[in-house]
Amino acid sequence: MKRLTNKEEEVMRILWQLEKAFVKEIIPLIQDKKYHYNTVSTIVRHLEDKGFVGHTAYGNTHQYYPVISKEDYRKHIMSLTSKRFFDNSYKSMVSFFAKEEKISARELREILEIIEKENKE
């Protein structure tokens, strides 16, 4: 699985939200409203070429849907991030967020509770 560009990720977030959509339904939900129909159509076709999106044809128009789940992509990106920036250590990654004050002690305790619950099951 490849990492997506920012534009591709934005379109994927919209498709994950809508579950299926025509290009004309994606355009109004894009942050940068300057995207032309052809630009969004090209992005969606690239996503399809990369295996992230499939389509159902209705005559000359296509309705697109995600093939890769948001959760699968999230796992992939987190794994890449862990390898690239934290020597494949999730402990180092969590420590980084704690030091940067992006995660509180309360949130860390909640994470520990989740881990302990998962280990019991």
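Predicted model: local features only at pLDDT ≥ 70, side-chain atom pairs only at ≥ 80, totals over all residues.
Me: Which residues touch the most other members of the largest nonpolar core?
Reply: In soluble globular proteins, nonpolar side chains tend to be buried together. A nonpolar core is a set of buried Ala, Val, Leu, Ile, Met, Phe, Trp, Tyr and Cys residues joined through side-chain atoms within 4.5 Å; buried means under 20% relative accessible area, exposed over 50%, partly exposed in between (1.4 Å probe, protein chains only). Here the core has 21 residues, and Val 11, Met 12, Leu 15, Ile 26, Leu 47, Phe 52 and Val 53 touch the most other members. Its largest share, 5 residues, comes from α1.

Me: In which sense do strands β1 and β2 pair?
Reply: Strands are DSSP runs (E, at least two residues), as helices are (H or I, at least four), numbered from the N terminus; two strands pair if DSSP finds at least two bridges between them. Residues 53-58 (β1) and 61-66 (β2) pair in the antiparallel sense over 6 bridges. Gly 54 stands opposite Tyr 65 in β2, and Gly 59 in the hairpin takes a positive phi near 65 degrees.

Me: Is Ser 41 buried or exposed?
Reply: Ser 41, in helix α3, counts as buried because its relative accessibility is 10%.

Technical notes: Residues numbered from 1 in each chain as written. Heavy atoms only, no water.
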